[in-house]
Each structure stands twice: as C-alpha cells, then as structure tokens.
Amino acid sequence: MDIFSIIKSDHKKVQDTLESMLDTSSGDEQSRRQFTDQLRDLLLPHMSAEEALLYPLLMEEGDPELAMEAIEEHRTAKHVLSELESLSPGDAFWHARCQVLSELIEHHIDEEESDIFENASEFLDKQRAQRLAREFEQRKQTFLKEAA
Ligand SMILES: [Fe+2]
Ligand SMILES: [Fe+2]
C-alpha cells in the first residue's frame, strides 16, 4: 500500500456514505444521523492526515497553489458538514444541504485524484509513498483518539 491507494480507498468509503445519505428520505431520521456520524468519522481524520502529511509536501516540493486550494476546500467541506449536523434530519432542507456537501466533496476528490496525485508522484518515489501510507494511517488513528 502506498499513500495514493490509502487515500483512494478512503475516498471510496466517503463517496459510498454520501450516496447512502442521499438515498435516505426525511422519515429516515435515524439513518440520516448514523450516516452523518459515519461521514464525520471518515472525513475528518482523512482530512487531518492530508493536511499534516500530504499538503505540506506539496507546499515544499510540489505546487503550493494546489495545496492551498485543497486546504480551502477542506475548510468549506468541514463548514457545510457542521451545518448539516446542526440541521434536524427531518428538515425540508436536509437533502439539499447534503447534496451541496456531496458536490463539494466530489469536486475535491476529483482534483485530489488527478492534479494532486500527478503533482505528488513527481517527487514521491515508491519507498517514500509507502512510508507515508503508514504515517497516514497512524495520523488518522491519533485524530480519532483525540476526538473521542
Ligand atoms: Fe482526500
Ligand atoms: Fe482532501
């Protein structure tokens, strides 16, 4: 496993969760709460690990513009996620807010898996990419422990 495959597999889980969220109806308040918690537990540790390990490398060795745009996208996604959490799952706007969050995250994932991966693979050799994968997983675990 290298950092690219770890990130991709996290993205897939996030996308599946968002899809499940969008499939719920306003009567499924419990599912909406559970999926939103699941999304938070997937997304926040992942973003924290990217911010701690991947983006600083892009700032120093790659394209800083890509890193800064990604950081801003994280900030926006976290904001909309917290706004979704503050909305009652039965609220008429819940689905629309979830849709906007999903679109933000989809756009971010697309850029990460294309431009950012391309840029990072210019300076990350195989060995470094594998070492980063281990650090990435550790960072996610630490984040979860600290949040608990
Ligand atoms: Fe990501
Ligand atoms: Fe990201």
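A helix here is a DSSP run of H or I at least four residues long, and a strand is a run of E of at least two, numbered from the N terminus. With that in hand, let's walk through this predicted model. Reading the protein chain from the N terminus on, the elements run α-α-α-α-α. In other words, the secondary structure comes to five helices and zero strands.

How do these helices fill space? The radius of gyration of the protein chain is 16 Å, close to the 15 Å that the globule rule gives for 148 residues, so the chain is as compact as a globular protein of that length. Along the principal axes, its C-alpha atoms fill a box of roughly 50 × 30 × 20 Å. Buried residues account for 28% of the 148 residues. Turning to contacts between residues at least 6 apart in sequence, 73% join residues at least 24 apart.

Now let's follow helix 5, residues 126-147. Which residues of helix 5 are buried? They are Leu132, Phe136 and Lys140. Seen down the axis of helix 5, its buried residues fall within an arc of 85 degrees, and therefore they line one face of the helix. Helix 1 (3-23) and helix 2 (29-61) are among what covers these buried residues. Look to the other side of helix 5 and you will find Gln127, Gln138, Gln141, Lys145 and Glu146, which are exposed.

Terms used: Residues are numbered from 1 along each chain as its sequence is written. Chains are lettered from A and ligands numbered from 1 in the order in which they are written. This is a predicted model: local features need pLDDT of at least 70, side-chain atom pairs count only at pLDDT 80 or more; totals for chains, interfaces and linings use all residues. The radius of gyration is taken over C-alpha atoms; the globule rule is 2.2 Å times the number of residues to the power 0.38. A residue is buried if 20 or more other C-beta atoms lie within 10 Å of its own, exposed if 12 or fewer, and partly exposed in between; C-beta atoms are placed from the backbone. Two residues are in contact if their C-beta atoms, placed from the backbone, lie within 7 Å. The expected span of a helix is 1.5 Å times one less than its number of residues. The arc is that of the directions from the helix axis to the C-beta atoms.
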